[in-house]
Structure formats: C-alpha cells, structure tokens
Amino acid sequence: MTTVAQLVDKTTQFIRDQVVPVEREVVVDGRVMDDALRLELQKKAKEAGVFGPLSDPRYGGLGLDTRAQAQVLEAAGASLLGPIALNAWAPDDGNIHLLAHVANEEQKQRYLAPLAAGDVRSAIAMTEPAPGAGSDPGMLQTVAEETETGWVINGAKHFTTGAQGAAFTICVARTGDGPTMFLVDQDNPGFRVGRRMPTLDHTSAPGGHCEVTFADCEVPESAVLGQVGQGLALAQVRLAPSRLVFCMNWLGLAVRAHRLTIEHIGTRTSFGVPIAEHGIAQGLIADNEIDIAAARGVIRTAAETIDAQGPTSSQARHEASIAKTFVSEAVWRVLDRAVQLHGGLGVCEDHLVARFLVEARAFRIYEGPSEVLRWSIARRALRTKR
C-alpha cells in the first residue's frame, strides 16, 4: 500500500518531469490551457498513479482524507497546471465533494462518476451581476418556478468558472422554499454561455470565468440536487473543503517561487557580493520561510478538524475561513517578495514568478474575499464570548 509520503514523492516527481515543461509552454510560449491539454496531463497523472486525490476509489480516485490531501496538493501546486492534472482544481474540486455527499445514486452515476474520472468538467453558477448575489447569498436574483413536470429557471450569472466547455452546471436559484441547487446539462436549450470574462487568472482556468444566462430553462424534478430550499445549507458542504483545497494548491506555488528565488539570488552578484549575502535579501527570505510555515500550520489545523468533525461543523467552517484568509495573503506576500528579489527579471514571464503573482491575485477574492471572511471570523469569535 502506498503511503502518503510515497504519494507526495510520486506527485513531486510527476510535476517536475511531466507538468513543469508544459507549464513553460503555456506561460512563455502561449500554448492554450484547453481541454485537450487537460486530458493529456490527466492521462499522464493516471499513468503515474497520482490522479484523483479528492475522489473516492470507486471513481478512480485515491480516497485521501483532508490531512493527506494537504500534503499531496501542496506538491501538486508547485505548478500552475499541477492541480488541473490531478483533477483537483476549482470548481471541479468542490463539485466532486458536493456531489459525493449530496447527490442521489442516479445523479452520482450521471454526473459524479465522469467528473471524478476527469472525463468531463463542471461549473457552478452562484455569483450574479449587481444587484444580485455576490458575497451575500441573500441577494440571490435567479428564480426557479415549479411546473407540472419540473422547474423553469430564469436569471443571469457571471464569474461562472469553467462554464465554457463544461458538461453541466450547478445552478443556485431562488424558490418559494428558499435557495435550491439544480443540475443543468450544457446542451439545455434554455442555458447559454456568454462572454468569457477577461480576468487576470487566465492561465490556470480551463473554461474561463464566464457570463451565463438561464432563459426559461426547463429542468426535470430529477435535476434538483439535495432538497428544495436547502441550497445555502448544501453550499456549506463544499465551502470549507474547497477553501482549503485552494490553500493547499496555492501554497505549493508559493513554495516553488520561494525555491526559485533562493536559486536565483545564490547565482547573482551585486555590489561585489552574492545577493544572498545581503542582509536585506536574507530578511525577505526569512519572512517567506515564516509565512510558508505558518500557512502549513493553519491548513493542517483546519484539515484535522474537517476530518474529525465534518466540513459543515461550526469549528471546521471557522478554521477554514481563518486558513483561507491567512494563506491567501501569505501566498501573495511570498510571491511578491519572489518578484522583488528577482529584480527586473521578476516582472518578465520568462522567469515564471511574474505570472505566478498575477494568477494568485484572485485567490484573495474567490471563495470569499478576505474582508468578508474576517467579518465572519469575528462574528463567530464574539458569539462564543457572550
């Protein structure tokens, strides 16, 4: 039986040998990160025995608990394309978890099985243009009305990650009993994928972040995911694990940028001595080491709580919020220092750290902006003191 340490080693080798060379083709040479490339990388990951760290073995996954995922995904995150190769990237990571815990058996066979196997991609449509739902789900504007044969959905969404080319989209819509989740097939005539939004993070997002519309979109009763009116409660099932997966993946990229920086300043000289011997450079390296160690710690704490108490427990949600807030900002600091220590070359994508920094900027917003998470963290803390 393969141990977690062995799996981390295999993942590290796979990323180094199979993914990093392709990453340079995408970042430097302009190769498009499309589904053909995704499938190519995932085929190699399966051959290497590192595919599916988030999925159950019955669907071809590795069946890891959250603590093991933390180690493996940090190794995978060393490349912008690593988590995609392992089928551990948004929004599929959260949707795999959600479907595994909420879908009925028929839905699991139709949607979860091909998604977990990497045969298809998915999307989740929650965020809406103003005045619709963003960080506040109570502002949900998309509406689903019940009919004799099912439901009719009407509304508009944007920042629907992966919508272009997804096999299906999980739509969150307002019903008379409250928000409800619906499974909408890509070929539904009432569903349309519009503009692919020109976001900063374009290298690591197959299918982009898109505007989508639901116009008299008819779905059968069997399209309801979970129970009617329980959409927000079900969202909590995917939220803590998805936030933590983000942290694991991006921490891996920060660690790689840090190592690239150490290599760089060890070979460059300024004012007669190697840059690595300048005290101010050493201070930045030390700060990176501190941020990386602290990030690993908060991830580990949240992972242990999710495994022990489940992803919807109050403590798990609290610790995942802390991890998401701290790690997203720590990763940004590490990457920013990496760019600075590379000097002029740091803003040239030939050295990759520039693209790492740009791609990571959205991490402080997606799955909950730092400001909103701080608000929720404080509210929970204040409630326990009353």
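This tour goes through salt bridges and then turns to cysteines.

Before you click, know that this is a predicted model, where local features need pLDDT of at least 70, side-chain atom pairs count only at pLDDT 80 or more, and totals for chains, interfaces and linings use all residues. Residues are numbered from 1 along each chain as its sequence is written, and side-chain values use heavy atoms, with hydrogens and water left out.

**Stop 1: salt bridges**

A salt bridge here is a side-chain nitrogen of Lys or Arg within 4 Å of a carboxyl oxygen of Asp or Glu. Searching the whole structure turns up 22 salt bridges.

Select Arg16 and Asp17 to start. They form a salt bridge whose closest N and O atoms sit 3.2 Å apart. (Buried means under 20% relative accessible area, exposed means over 50%, and partly exposed is in between, using a 1.4 Å probe and protein chains only.)

Next, pick Asp56 and Arg58. This is another salt bridge, with 3.4 Å between the closest N and O atoms. Asp56 is partly exposed at 34% relative accessibility, while Arg58 is exposed at 60%.

**Stop 2: a link between two helices**

Jump to Asp291 and Arg333. Their salt bridge has its closest N and O atoms 2.9 Å apart. Asp291 belongs to helix 8 (residues 279-309) and Arg333 to helix 9 (residues 314-341), so this pair ties together parts that are 42 residues apart in sequence.

**Stop 3: a network**

Select Glu25, Arg31, Glu40 and Lys44 together. Salt bridges with shared partners join these residues into one network.

**Stop 4: the cysteines**

How many disulfides are there? With a disulfide taken as a pair of cysteine sulfur atoms within 2.5 Å, the count is zero.

Click on Cys210 to see an example. Cys210 is in no disulfide, and the nearest cysteine sulfur, belonging to Cys171, is 15 Å away. Cys210 is also buried, at 0% relative accessibility.

Finish at Cys217. For Cys217, too, the nearest cysteine sulfur is that of Cys171, 7.5 Å away, and Cys217 is in no disulfide. Its relative accessible area is 0%, so Cys217 is buried.

Note on methods. Helices (H or I, at least four residues) and strands (E, at least two) are DSSP runs, numbered from the N terminus.
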